[in-house]
Amino acid sequence: MTEVLAVAVITVLAVIAPGADFAMVVRNSYLYGRRTGLLGAAGVAAGVLVHVTYTMLGVGLLIASSAFLFTVVKLTGAAYLVYIGVRTFRTRAEVTVDLEHRTGLTPLAALRTGFLTNVLNPKTTLFVVSTFAQVVDPGTPLLQQAGYGLFMSLAHLLWFGVVVALFFSHDRMRGLMLRGQRVLNKVIGTALAGLGVSLALAPTH
């Protein structure tokens with residue numbers, strides 16, 4: 001019971017901590033609408049399952065014990081954050097509140113953006129690997145470990161889908177944010193790029 005509670009508390013705290021996934025879902029929700037935000041959230045949740053899978057297979061523990069492998073993961077994730085941050089910062093085209101013509105991200109692109117944001121997110125890597133390495137007992141049944149992984153993914157889906165995407169895609173909220181989208185793009189783009197740079201410069205251990 002202690003292990004279950006610890007996993008639940010760590011997961012909730014990790015999910016609600018602002019990061020690249022939060023910035024991405026907020027941006028896509030207010031720019032392109034509720035469906036795009038929800039698909040981004042689904043991609044984020046799917047990305048968590050990738051980390052859970054390789055961790056349960058033991059690769060995550062190898063990354064945790066190898067400075068070189070972790071550095072590769074960290075720098076790859078940092079580069080991706082800087083890339084999407086610069087793209088967001090440099091966005092100049094106005095996106096209108098009326099989305100009848102479906103301008104913007106396709107459903108596949110929205111899903112892929114969310115997926116890649118979390119697959120290449122060192123914060124998520126550390127969260128999953130450290131939870132399984134330090135909290136989950138090696139003797140815990142695999143089925144229960146898989147349950148933990150599904151809970152982690154579901155928690156991301158609920159937070160980013162039900163809370164973040166629905167809130168920031170609300171008509172009144174979108175109207176306010178879209179009117180100031182150029183400033184918001186620069187703020188969010190700077191935050192994403194800043195996260196990437198800080199991750200790249202942070203010490204490995």
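Let me start with a rule: rings of Phe, Tyr and Trp (its six-membered ring) pair if their centres lie within 6.5 Å. Planes under 30 degrees apart count as stacked, over 60 as edge-to-face, and the rest as tilted. Now to the structure. This is a predicted model, where local features need pLDDT of at least 70, side-chain atom pairs count only at pLDDT 80 or more, and totals for chains, interfaces and linings use all residues. Residues are numbered from 1 along each chain as its sequence is written, and side-chain values use heavy atoms, with hydrogens and water left out.

First topic, the aromatic rings. The rule gives 2 aromatic pairs. One of them joins F22 and F168, edge-to-face, at 6.4 Å centre to centre and 85° between the planes. This pair links distant parts of the chain: F22 sits in helix α2 (residues 20–32) and F168 in helix α8, 146 residues apart. Helices here are DSSP runs (H or I, at least four residues), numbered from the N terminus. F167 and F168 also pair: their ring centres are 4.9 Å apart and their planes stand at 90°, so this pair is edge-to-face. Together, F22, F167 and F168 form one aromatic cluster.

How covered are these rings? Buried means under 20% relative accessible area, exposed over 50%, and partly exposed in between (1.4 Å probe, protein chains only). F168 is buried, at 16%. F22 is partly exposed, at 28%. F167 is partly exposed too, at 45%.

Next, the surface. L38, L154, L157, L158, V162, V163 and L166 form a nonpolar patch. Their accessible area together is about 530 Å², by the Shrake-Rupley method with a 1.4 Å probe. Patch residues have over 30% relative accessible area and no salt bridge, and nonpolar side chains (Val, Leu, Ile, Met, Phe, Trp, Tyr) are joined within 5 Å. A salt bridge means a side-chain nitrogen of Lys or Arg within 4 Å of a carboxyl oxygen of Asp or Glu. Which helix gives the largest share of the patch? Helix α8 (residues 142–168) does, with 6 residues. L154 lies in that helix and is partly exposed, at 45%.

Last, helix α7, residues 122–134. Its 13 residues reach 17 Å from first C-alpha to last, close to the 18 Å expected. That expected span is 1.5 Å times one less than the number of residues. Its buried residues include F127, V128, V129 and F132.

Methods. Helix = DSSP H or I, 4+ residues; strand = E, 2+ residues; numbered from the N terminus. Patch = residues over 30% accessible without salt bridge, like charges linked within 9 Å, V, L, I, M, F, W, Y side chains within 5 Å.
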